[in-house]
Amino acid sequence: MPPRSDEPRRDPKGARRGSSRDASPADDESRSSEPGIGGISGARAYTPRGRTVRDERGTPARGGGAEQRRTPRSTRSGDPFRPALQVLDGGRAAARSGRRDAPAAGRGGVVRTVSPRVPRAPGVDEPEPAPRRRTTPRAPRRADRPVARRPSRKPPRPPKLADSRLRLRLGTALALTLFASIGIRLVFLQAVDAPAYAGGGVADRLHTVELPAPRGAIYDSTGAPLARSVEARYVYADPTEVKDPPGTARALSPLLGIPASKLVDLMKPRKLEGGKTSTFAYLARGVEIATAKRVQALELPGIGVHRDERRDVPGGDLAANLIGFTSQDMAGLEGLEARFEDVLAGQDGKRVYEAGLGDLAAPIPGGYSRTTAAKPGSSLALTIDRDLQFRTQQILSAGMAKARGGTGAAVIIEIPSGAVLAQASNPTYSAARPFPSDPVAREDAATSFVVDPGSIHKAITFGAALQEGVITPDTALPIANSIKKGDTWFSDTHPANGKRMSVPGMLAYSSNVGTITIADKLGRDRLIDYQKRFGLGKPTGEGMPGEASGRLLPADEWSDSSEGSVPIGHSVDATPLQMAAAYAAIANNGTYVQPHLVKEVIGPDGKRTPAPAPVTRSVLSPQNAAALRTMLEAVTTVDRATGLTAAVPGYRVAGKTGTGWRLVDGKKQPGEVSSFIGMAPAENPRYVIAVFAYAPGGGGAAIAGPAFRDMMQFTLRHNRVPPSTGGSAPKFTVYPR
């Protein structure tokens, strides 16, 4: 179909044609202002130099031909940056406009897209621009084909990771997450896990040095040391630092006196409870300072020396059975050392500090350091007199040398205090070197030696009879040679043949028949009561550990023969100390005083605290006690009496001999136990001495009496006790008419 006359046409080159009428330049300018042609509506084309196309061509402006120029004021109502955008856009706007007056592409000209505004006459409306018409007819759209979308003028969206803003956001999120994780971890490390890490680090650097507390000393009554602690050194090993254990052991063995094999075993690495390797092991304790210096001079890797103490016992075996001994760790094992461990032992201190490792094993300045000072132990002042103790041990040892395999005990008690001035045992040992020694030799015989006391028990029977009024000092009874109790006959070594015998005579000749006769009048119940009053059947509480209690036969266990055996000291279990304390009650005007060894406790500051007052009780009246003492003097004065060997020249002595048996687990042992317990001066006793001698082969009587005499004589002279006043002992009649 031919084109309509009023429809614009294009020439082959794309130039736009009008109708039969040619458009004027003014028409061109008005058409160039149509929307969508020549760029943005209302814009003016500029050359790169900022001049309009009309200026370049010299075309006169509309309305009188006057030259028009764009002034800054003309752009105030529009976009101030639009001219610059047109300059940057170049000639592409003109190409899109399709105008005939557009400059060639090669010239680089700029098409003016905004025509100068023509003034309108008043009341004349501006004609609307003619609508754009298509040059070719629109083909009908097929119903089966979707409407083609007009291509978007937006640039294609780049990939997500290619977007810089997305990358920035993603990086920021990752960085914040990382910093948050680090912050949370730091909070846990600083607030929650800090103690564990800090503790673990400090534990690896901490070193501990023990500060041994000095152990209290043991003194005699005069202040002379019986046992004390002296400065020494201990040698130790760090198993982790010892490079050559066998060679190190061979070098130390001669100095320490310890087999090399034992030293190698001590230097073996060991694990502690927490799994940590031990860095400390004692090799020797209480080493002499001179020896320790020789060890240091060897400069053996992993071997060190530090301050220590050792127990010094100046007397060796002096009172060893009383004092006991300690371990290398200064812990009491036997004797008073063990009994008063809580008093003698101090509280060790320690120094804990941070130190470097390896070659820098020195305290770190400003590092952790804490020192707990050691608290020294208190000391004991005993009632023992070391001079008297030494002489007592010497006399007992000489006497027991005659009885091979025997056991001896001696106790000296002061009247009226009840203080034990000496307590000796035989055999004995050296407390300075307790190992190796026989455990039996380390026992204190005075408190552990349970015996059947025999005739020394008769003083208790006679004392009870006096106190109960059964007899008087002048009582005399016909005494047969033997008496039967149950199925047992009891006889005398000095037959009376039925004659009347005085009470002192019964004691002098140790009459079994006379004692049993008096006990029959006393009765078993009263006899048992006085046995308890005199301290039998329970420990004295002197202070020695493991003191035996002995045993009394209860009344319901008495048999017919017990009526005869108990009064004369059989069927009774007692210790030498118990019997000595009973005689001390007789010497002390009938008042029993608990025997004791500890005089006072001396604190680390020198403060002295007296020992608790001993237990006392009245057993006999002073008159009956004095009468009994007088009757006991017959034992050492009457012709053919049993205790003549115990007499002390110049002093009146009251005492009693005894012959019994040794009991072990309630069983009678071979041999016999001979004893003598006496007091002097008898008129005013100052001391009581008990001597017991167990001789498996017999002959103990030849030991006990003479030993008592020598001990009492030395004791009286040592303490400057004047001889007895008022003449010699009274004359006694054994068989009065």
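Author: Two strands pair if DSSP finds at least two bridges between them. Keep that in mind here, where the model is a predicted one.

Reader: What is the bridge partner of Val451 in E22?

Author: Val451 has Arg662 of E22 as its bridge partner. The strands involved are E13, residues 451-452, and E22, residues 654-664; they run antiparallel and are joined by two bridges.

Reader: Over how many bridges does E22 pair with E24?

Author: Seven, in the antiparallel sense, with E24 covering residues 672-680. One place to look is Ala654, which stands opposite Met679 in E24.

Reader: How many residues lie between E22 and E23 in their hairpin?

Author: Two residues separate E22 from E23 in the hairpin, and Asp665 in the turn has a positive phi of about 55°. E23 is made up of residues 667-668, and its antiparallel pairing with E22 takes two bridges. Val664 stands opposite Lys667 of E23.

Reader: Now an open sheet. What is the strand order in the one that contains E3, E8 and E9?

Author: The general idea for a strand comes before the case. In a regular strand, side chains alternate between the two faces of the sheet. In this model, the open sheet of three strands has the order E3-E8-E9, and the pairing is antiparallel. Strands E3 (206-211) and E9 (369-372) are at the edges with a single partner strand each, so one side of each has no neighbour in the sheet. From one strand to the next, the twist averages 10°.

Reader: In what sense do E3 and E8 pair, and over how many bridges?

Author: The sense is antiparallel, and six bridges link E3 to E8, which spans residues 349-354. Val209, for instance, has Arg351 in E8 as its bridge partner.

Reader: Is Leu211 buried, partly exposed or exposed?

Author: Buried means under 20% relative accessible area and exposed means over 50%, with partly exposed in between. Leu211 has 26% relative accessibility, so this residue counts as partly exposed. Leu211 belongs to strand E3.

Reader: Which residues is Leu211 in contact with, leaving aside its neighbours within four places in sequence?

Author: The contacts of Leu211, with those neighbours left out, are Asp348, Gly349, Lys350, Arg351, Thr371, Thr372 and Ala374.

Reader: On to helices. At what angle do H7 and H9 pack?

Author: Angles over 145 degrees count as roughly antiparallel. Helix H7 (residues 245-256) packs against helix H9 (residues 289-298) at an angle of about 165°, and their axes are 10 Å apart. H7 is therefore roughly antiparallel to H9. The crossing of these two helices, H7 and H9, is right-handed.

Reader: Which residues in H7 meet which residues in H9?

Author: On the H7 side they are Ala251, Leu252, Leu255 and Leu256; on the H9 side they are Thr291, Arg294, Val295 and Leu298.

Reader: Last, the whole protein. How many helices and strands does the secondary structure come to?

Author: The protein has 22 helices and 25 strands. Of its 737 residues, 42% are buried. Among contacts in the protein with a separation of 6 or more, 71% are between residues 24 or more positions apart. The protein exposes about 40000 Å², of which carbon and sulfur atoms supply 53%.

How values were computed:
Residues are numbered from 1 along each chain as its sequence is written. This is a predicted model: local features need pLDDT of at least 70, side-chain atom pairs count only at pLDDT 80 or more; totals for chains, interfaces and linings use all residues. Side-chain values use heavy atoms; hydrogens and water are left out. Helices (H or I, at least four residues) and strands (E, at least two) are DSSP runs, numbered from the N terminus. Buried means under 20% relative accessible area, exposed over 50%, partly exposed in between (1.4 Å probe, protein chains only). Contact means heavy atoms within 4.5 Å. Accessible areas come from the Shrake-Rupley method with a 1.4 Å probe; for residues, only the protein chains shown count as cover. Axes are lines fitted to C-alpha atoms, for helices over the stretch in contact, and angles run from 0 to 180 degrees between N-to-C directions. Angles under 35 degrees count as roughly parallel, over 145 as roughly antiparallel, 65 to 115 as roughly perpendicular and the rest as oblique. A crossing is left-handed if the near helix is turned anticlockwise from the far one by less than a right angle, and right-handed if clockwise.
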